[in-house]
Amino acid sequence: MPSYTVTVATGNQWFAGTDDYIYLTLVGSLRCSEKHLLDKPFYNDFERGAIDSYDVTVDEELGEILLIKIEKRKYWLHDDWYLKYITLKTPYGEYIEFPCYRWFSGEGEVVLRDGRAKLAKDDQIHLLKQHRRKELETRQKLYRWMEWNPGFPLSIDAKCHSDLPRDIQFDSEKGVDFVLNYSKAMENLFVNRFMHMFQSSWSDFVDFEKIFVKISNTISEYVMQHWQEDFMFGYQFLNGCNPVMIQRCTKIPEKFPVTTEMVECSLERQLTLEEEVQINQIPGDDNPIFLPSDAKYDWLLAKIWVRSSDFHVHQTITHLLRTHLMSEVFGIAMFRQLPAVHPIFKLLVAHVRFTIAINTKAREQLICECGLFDKANATGGGGHVQMVQRAMKNLTYQSLIFPEAIKAKGMESKEDIPYYFYRDDGLQVWEAIRSFTKDIVEIYYESDEVVTEDPELQDFVNDVYVYGMRGKKASGFPKSIKTKEKLAEYLTVVIFTASAQHAAVNFGQYDWCSWIPNAPPTMRAPPPTEKGVITIEQIVDTLPDRGRSCWHLGAVWALSQFQENELFLGMYPEEHFIEKPVKEAMVRFRKNLDGIVSGITERNKNKKLPYYYLSPDRIPNSVAI
């Protein structure tokens, strides 16, 4: 009688093992096997991290194994189980891999296909077509779109983290509890004694060191020492937390009535103002244009206001909307429209890991009404919602294509604009990802026609356009994709947004924002309407009080930490792909990334302000914090 060897790998996560009964059924091209209980006597099967093997004997020849059914039945108490993969050794010595990487919650059955990636056109057997269709029907019931706020991209239909499908929840919910993490951060940073001192002002700038000195690092300490200097003010627009706002001006705006004489003291290169061009401002008697030649505290407060405004734009638009919310859109659309056997699902699933979960947690605790965002930020209480709604009107697909975004701002020239490390490193990482996605597309799509005629791919792209961008034609998001080149570009946008772009604007928050005067989350007095009256006491009274400073410090510290067991760009420990050409493409991808890491490391040597946010070894695969 034919005998198969079944190898079952259980995950390493907390509580991944199970004591429940596990049954296996083999579905062949000729017939199905009986249901077999996978159990070894006097042995604790399916423990966390275990790889267990079983012999399964069948009565008759099954033919080619098309599917396997895994059924879980309760032994004693409710018991989840995380199955990584199953390997089947046939009676003829062949090995078949069945990737799973899913949770089994409660009782039920999961049907798996072997690990070869297949487009819909490749499935000619009715049973496989039916399996493909049923998987998507099930997912579309689980992953439903919801409008969290008018004008926002749609998000997952879940009020809290525990409402999410088990497969996309965090392994340990405690690890991403914002209330717990912020409180823990403030305890670790020794600022608990200030935490409830709302309305209580600091005495002077030095007083802020009471919540800072214990936790200083290279960059944040440098910021504390030099934050009042103009070079530090300008440098941050190139390589700080929000390096996406700066753009080149080619002429002085009409609403900016400044002359060369007014700013002559700052024109170090003996160029005229028309040649240098400065920033825009709406003129008015009660809205003076502050200059470096003004009184010390006039100019300092003007810069503080710009830094505070930049902080809010960064948090709500650059960070929340353009990385978190957009990555969630890509993730939901992927789960709804691409079956696990689809090569694009296998490619993207690592890049949406925990994204929907972290966003759900944020809506539950952080950016909701009366959430943590309201405790420390001036745009809390609804202002952050309005900012996202306005920014959505200008969010375009083209602006997510990194090289195009740099060109659109006139910032592409290394000769004219040196030391823009965000641009330099970002372009390298973009090209590495683009080369990788192009390799994957070439493996599975023989021609542009195959791309056009892939209904699941087209449904995925259309879901992003209809629900993510709310069907707005002006957004430039494609409704469909018709060439291999455009598909590779689209996949690069998805992966770059979730990995590199998020890393560039997230993990520097502690470096640049922990020194409160450099990035105030709230200002307690309106901007000055006249010159020559500002004192240092007024500035300190305008900056955040002690309580809000502590909440802010806890937030930027927590948001700057990597996840436990973080997976960085190029790491694919879950082997959804089994084909050799893909594995070779992954090796090339990692080699390209390693070269970028080496170059960035060499450049950063002996730099007082090293730029490492886009070093691939510091870029997580997905938005998960």
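The following legends describe close-up views of a predicted model.

Local features require pLDDT of at least 70 and side-chain atom pairs pLDDT 80 or more, whereas totals for chains, interfaces and linings use all residues. Residues are numbered from 1 along each chain as its sequence is written, and side-chain values use heavy atoms, with hydrogens and water left out.

**View 1. An open sheet of four strands with antiparallel pairing.** The strand order is E3-E2-E5-E8; strands (E, at least two residues) and helices (H or I, at least four residues) are DSSP runs numbered from the N terminus, and two strands pair if DSSP finds at least two bridges between them. Strands E3 (36–37) and E8 (108–113) each have a single partner strand and stand at the edges, so one side of each lacks a neighbour in the sheet. Strand E2 (residues 21–28) pairs with E3 in the antiparallel sense over two bridges. Tyr23 stands opposite Leu37 in E3.

**View 2. Helix H8 (residues 355–366), largely enclosed by the rest of the structure.** Eleven of the twelve residues of H8 are buried, where buried means under 20% relative accessible area, exposed over 50% and partly exposed in between (1.4 Å probe, protein chains only). Among the buried residues are Ile356, Ile358 and Leu366, as well as Lys361 and Arg363.

**View 3. The salt bridge between Glu107 and Arg73.** The closest N and O atoms of this pair are 3.9 Å apart; a salt bridge is a side-chain nitrogen of Lys or Arg within 4 Å of a carboxyl oxygen of Asp or Glu. Glu107, in the loop between strand E7 (95–104) and E8, and Arg73, in strand E5 (residues 65–73), are 34 residues apart. Glu107 is partly exposed at 46% relative accessibility, and Arg73 is partly exposed at 31%.

**View 4. The salt bridge between Asp123 and Arg113.** The N to O distance is 2.6 Å. Asp123 lies in the loop between E8 and helix H1 (126–142) and Arg113 in strand E8, so the pair ties together parts that are ten residues apart in sequence. Both Asp123 and Arg113 are buried.

**View 5. The salt bridge between Glu446 and Lys121.** The side chains meet at 3.9 Å, N to O. This pair links distant parts of the chain, 325 residues apart: Glu446 in the loop between helix H12 (421–444) and helix H13 (448–452), and Lys121 in the loop between E8 and H1. Glu446 is exposed, with a relative accessible area of 56%, whereas Lys121 is partly exposed at 42%.
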